[in-house]
Amino acid sequence: MRNILDNKRPTWTSKYAFIITAIGSAVGLGNIWRFPYVMGQNGGAIFLAVYILLISTICFIPLMNELYIGKITKKECVGAYESINKNFKFLGALNPVTGILIASFYFIVGGWIINYIYKSIIASPIANYDDYFSTFIQMPVYPCILTLGFLFICIFLTARGIKNGIEAANKVLMPLLAVILIFLVIISVNLPNASAGLAYMFEPDFSKLNSHMILAALGQAFFTLSIGMGALLTYGSYIKEDKNLVKSVYTIILSDTAFAILAGIMIFPAVFSFNMEPNSGAGLVFVTLPKIFSQIPCGNVISCAFFVLLFCAAVTSGISILEGPCATMIERFKISRIKACAILFGIITVIAIPATLSFGVLDGIKIFDKTIFDFLDFITSNLMLPLNALFLCLISGWYLKIKGNHIIKNKILAKSFDIGLRYVVPAALICLVVMGLR
Ligand code: PHE
């Protein structure tokens, strides 16, 4: 394999910068929006136990693999795959395509967040929260403007480059996110009857253990760690030197899990304290929580803090979603970062606007029986992310024959890595794809 070090490529200014941006990519809507509702729908504590088991074992391997391939090839996705074998170029190209498709629905939720921040600031009273949310997302113009606004913020930061845009945003937003999260956790656990929410999170009911739930935990773990769309491969390619990548990977996994658990501790005590349902699905954050905020003293300040938290998480992940396609365009087409970002803005707008409208005026348009938004979520989360991760594991394990002891000093861990990379993770990913198709 060629290992070309291109001096003109940017690199992280420090190891801390790399780790915080990788954590910024991982910690996103997946932790604060998706994790609590998937956990709520899959039995609470038992889901958490399975999730922790999977994220600390199986997920370590594809995460490490992506960063490692980025680090040794020092190329964006297409170039990285191409430098392994010319014929793999098209598999590599699936990564930025996945990124563009994920951006096209992820940024819609980003737009909703901006609206809820605005609503909290002006403290506008809402009569019926269920109706408000569904009426708002069905509007023809306003949500589109918000989607584009959110996209613009992320594109702007990406266009500023690795140091002044991506690193700078993460260095400010991630600590802010941690502070707000801890503040909200303290408020939540002090609400009356908060212990019922904590029991729901930490006292497992083994009767809820089933294969569907295990796959839901696996899917959530891959999504939250940003595995399978080349974001981490691209971030890995900017690493100058990291003598202990294993430690960095565990730092990323631990931090991501801590954020997800804290998000649960923030949400479930509040939900139980107000006798609401923990399994209300995607609306948990946009319907149930605003209802709760309206009933607590200084609710609009807390609501504002919560949605700013969600915004920070979404922006740091959003820029990582954009960086993969952006780096590919810069390096493949030899264009400037600004130009690449402008083109990306155009492409994502063309897909994201119909997807935003698919809650309202375009809800009649169905692709495989799904609205445009649901279809984008479905093909990316259920198919493209696991497939991309699968291809990369197969390439590393069976074609490059990467061995655990090339990367990991601990012998037992290195051996487990070998078996995981070749057999366990591909099998788990195939199950995920098959289940996703049903
Ligand atoms: N990990 C991010 C989250 O939890 C989402 C994401 C997926 C980001 C894939 C990049 C790549 O919200």
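Where does methionine 229 lie? The points below start from that residue; the model is predicted.

1. Methionine 229. This residue sits in the loop that runs between helix H11 (211-224) and helix H12 (231-237). Its relative accessible area is 4%, so methionine 229 counts as buried, the limit being under 20%. Leaving aside residues up to four places away in sequence, methionine 229 touches Glu66, Asn95, Pro96, Thr98, Gly99, Ile102, Ser320, Ile321, Leu385 and Asn388. One of these, leucine 385, is 156 residues away in sequence, yet the two C-alpha atoms are 6.0 Å apart in space.

2. Nonpolar core. The largest nonpolar core has 169 residues, and the members that touch the most others are Met266, Phe286, Phe306 and Phe307. Helix H15 (residues 299-333) supplies the largest share of this core, 19 residues. For methionine 266, the contacts beyond four places in sequence are Ile32, Leu181, Leu184, Val185, Ser188, Phe306 and Leu309.

3. Threonine 356. Is this residue buried or exposed? Threonine 356 is buried, at a relative accessible area of 2%. Its place is in helix H16 (residues 337-357). Apart from residues up to four places away in sequence, threonine 356 touches Ile108, Ile137, Pro143, Cys144 and Thr147.

4. Ligand surroundings. How many residues surround the ligand? There are 14, and the closest are Ala26, Gly30, Tyr106, Phe223 and Ser226. A nitrogen atom of the ligand lies 3.2 Å from a backbone N or O atom of serine 25, and a backbone N or O atom of phenylalanine 223 is 3.0 Å from a nitrogen atom of the ligand. At leucine 29, a polar backbone atom is 3.0 Å from an oxygen atom of the ligand. On its own the ligand has 320 Å² of accessible area, and the protein covers 100% of this.

5. Aromatic pairs. The structure contains 35 aromatic pairs. In one of them, tryptophan 12 and phenylalanine 18 are tilted, with 6.5 Å from centre to centre and 35° between the planes. Tryptophan 12 and phenylalanine 18 are both buried. Tryptophan 12 also pairs with tyrosine 238, this time edge-to-face, at 5.6 Å centre to centre and 85° between the planes. The pair of tryptophan 12 and tyrosine 238 links distant parts of the chain, 226 residues apart. Tryptophan 12 belongs to the segment before helix H1 (15-26), and tyrosine 238 to the loop between H12 and helix H13 (245-273). Relative accessible area is 3% for tryptophan 12, which is buried, and 1% for tyrosine 238, also buried.

6. Positive phi at lysine 74. Lysine 74 is not a glycine, but its phi is positive, at about 55°. The residue is in the loop between helix H4 (60-73) and helix H5 (77-84). With 13% relative accessibility, lysine 74 falls under the 20% limit and therefore counts as buried.

7. Positive phi at phenylalanine 368. Phenylalanine 368, a residue other than glycine, has a positive phi near 45°. It is found in the loop between H16 and helix H17 (372-399). Why does phenylalanine 368 count as exposed? Its relative accessibility is 70%, and exposed means over 50%.

Definitions and conventions:
Residues are numbered from 1 along each chain as its sequence is written. This is a predicted model: local features need pLDDT of at least 70, side-chain atom pairs count only at pLDDT 80 or more; totals for chains, interfaces and linings use all residues. Side-chain values use heavy atoms; hydrogens and water are left out. Helices (H or I, at least four residues) and strands (E, at least two) are DSSP runs, numbered from the N terminus. Buried means under 20% relative accessible area, exposed over 50%, partly exposed in between (1.4 Å probe, protein chains only). Contact means heavy atoms within 4.5 Å. A nonpolar core is a set of buried Ala, Val, Leu, Ile, Met, Phe, Trp, Tyr and Cys residues joined through side-chain atoms within 4.5 Å. A residue is near a molecule or strand if one of its heavy atoms lies within 4 Å of it. A polar contact is a pair of N or O atoms within 3.5 Å; within protein, one must be able to donate a hydrogen and the other to accept it, and residues adjacent in sequence count only if both atoms are side-chain atoms. Accessible areas come from the Shrake-Rupley method with a 1.4 Å probe; for residues, only the protein chains shown count as cover. Rings of Phe, Tyr and Trp (its six-membered ring) pair if their centres lie within 6.5 Å; planes under 30 degrees apart count as stacked, over 60 as edge-to-face and the rest as tilted.
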